[in-house]
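Here's a quick tour of the fold, meant to be read with the structure open beside you.

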Amino acid sequence: MSVRSCLLAILTIGPAYGFQLHGELESRTAGRRAVNVGQIYGTLERLVKQAAVESAGSTADGLPLYRITALGQAEALHWLADTESAPGNEWSDLVDRVLIAISLPDPQVLGIDARGIVARYRRRWQSTTETATMDAAATGAERLAGAARAALSSAALDWLRDVDALLEDGHAASFRHGLNDVRPKRGRRPASVA
């Protein structure tokens with residue numbers, strides 16, 4: 001999962017502070033990934049230096065808010081529309097992109113079509129399935145790797161069919177939500193007096 005890309009996609013909703021983004025990432029990916037809150041802040045610092053994110057002031061209690069820039073929004077939209085991944089990250093990127101895309105509150109405003117993303121991924125995984133056929137002249141390891149690619153492609157296509165069915169049955173709205181504005185409890189709780 002690209003924490004950077006996921007944060008940018010979430011920031012397309014509106015300004016947020018670091019710990020809020022940490023919670024959003026966790027909830028929008030259904031807790032699949034545990035990301036340290038320090039990694040969130042480190043990523044935000046890099047995004048500010050690279051002009052993909054900028055300061056949006058602060059909350060009433062002084063937490064710094066971040067907002068996406070035009071450069072960052074273009075990067076987020078490109079990431080959501082893309083189906084390419086580094087070798088070994090194909091499954092995680094698929095699930096993260098789809099979960100983030102379908103969670104955005106008003107994807108059409110940004111030009112995001114969750115069903116279009118699913119369709120592009122289906123074509124990509126279908127082509128992977130077609131190229132994963134086993135060559136009789138291949139080594140044992142190559143044959144096993146091909147079988148693994150074919151199994152992963154099959155699983156991805158099955159999952160994408162399930163996603164598409166949910167979106168088609170009118171459940172898309174149940175996935176969408178804005179930023180959570182429930183403030184996290186900060187600091188340590190006092191020890192109870194016995």
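Let's start with a pair of helices: helix 1 and helix 4 cross in a left-handed way. Keep in mind that you're looking at a predicted model. The protein has eight helices and three strands, and 39% of its 194 residues are buried.

**Helix 1 against helix 4**

- The axes of helix 1 and helix 4 come within 8 Å and cross at roughly 110°.
- Angles of 65 to 115 degrees count as roughly perpendicular, so helix 1 is roughly perpendicular to helix 4.
- On the helix 1 side, the contact is made by Arg4, Ser5, Cys6, Leu8 and Ala9.
- Helix 4 meets them with Gly72, Glu75, Ala76, Trp79 and Leu80.

**Overall layout**

- Reading from the N terminus, the elements go α-β-α-α-β-β-α-α-α-α-α.
- Take the contacts between residues at least 6 apart in sequence: 68% of them join residues at least 24 apart.

**Helix 5 against helix 8**

- What angle do helix 5 and helix 8 pack at? It's about 5°, with the axes 11 Å apart.
- Angles under 35 degrees count as roughly parallel, so helix 5 is roughly parallel to helix 8.
- Helix 5 brings Trp91, Leu94, Val95, Val98, Ile102 and Ser103 to this contact.
- From helix 8 come Leu152, Ala155, Ala156, Trp159, Leu160, Val163, Leu167, Ala172 and Phe175.

**The nonpolar core**

- The largest nonpolar core has 41 residues.
- Which residues have the most contacts inside that core? They are Leu21, Ile40, Leu80 and Val98.
- Elements that give two or more residues to the core include helix 1 (3–11), helix 2 (18–28), helix 3 (37–49) and strand 3 (64–68).
- Also on that list are helix 4 (70–81), helix 5 (90–103), helix 7 (114–131) and helix 8 (140–175).

**Helix 2 and what covers it**

- Gly18, Gln20, Leu21, His22, Glu24, Leu25 and Arg28 of helix 2 are buried.
- The cover over these buried residues includes helix 1, strand 1, helix 3, strand 3 and helix 5.

- The three strands form an open sheet in the order 1-3-2, with antiparallel pairing.
- Strand 1 (16–17) and strand 2 (53–58) are the edge strands, each pairing on one side only.
- How many bridges join strand 2 to strand 3? There are four, and the two strands run antiparallel.
- If you want to trace the pairing, Glu54 has Arg67 in strand 3 as its bridge partner.
- Ser55 has Tyr66, also in strand 3, as its bridge partner.
- The hairpin of strand 2 and strand 3 has five residues between the strands, and Gly62 in this hairpin takes a positive phi near 90°.

**Thr83 and Arg123**

- Thr83 sits in the loop between helix 4 and helix 5, while Arg123 lies in helix 7.
- Although they are 40 residues apart along the chain, their C-alpha atoms are separated by 9.6 Å.
- Is each of them buried or exposed? Thr83 has a relative accessible area of 12%, so it counts as buried; Arg123, at 54%, is exposed.
- The cut-offs behind those labels are under 20% for buried and over 50% for exposed.
- Leaving aside neighbours within four places in sequence, Thr83 is in contact with Arg97, Arg120, Tyr121 and Arg124.

- Ala30 is in the loop between helix 2 and helix 3, just after helix 2.
- Phi of Ala30 is near 55°, a positive value in a residue other than glycine.
- With a relative accessible area of 66%, Ala30 is exposed.
- Ala51 also isn't a glycine, and has a positive phi of about 65°.
- Look for Ala51 in the loop between helix 3 and strand 2.
- Ala51 is partly exposed, since its relative accessible area is 42%.

Note on methods:
Residues are numbered from 1 along each chain as its sequence is written. This is a predicted model: local features need pLDDT of at least 70, side-chain atom pairs count only at pLDDT 80 or more; totals for chains, interfaces and linings use all residues. Side-chain values use heavy atoms; hydrogens and water are left out. A nonpolar core is a set of buried Ala, Val, Leu, Ile, Met, Phe, Trp, Tyr and Cys residues joined through side-chain atoms within 4.5 Å. Buried means under 20% relative accessible area, exposed over 50%, partly exposed in between (1.4 Å probe, protein chains only). Two strands pair if DSSP finds at least two bridges between them. Contact means heavy atoms within 4.5 Å. Axes are lines fitted to C-alpha atoms, for helices over the stretch in contact, and angles run from 0 to 180 degrees between N-to-C directions. Angles under 35 degrees count as roughly parallel, over 145 as roughly antiparallel, 65 to 115 as roughly perpendicular and the rest as oblique. A crossing is left-handed if the near helix is turned anticlockwise from the far one by less than a right angle, and right-handed if clockwise.
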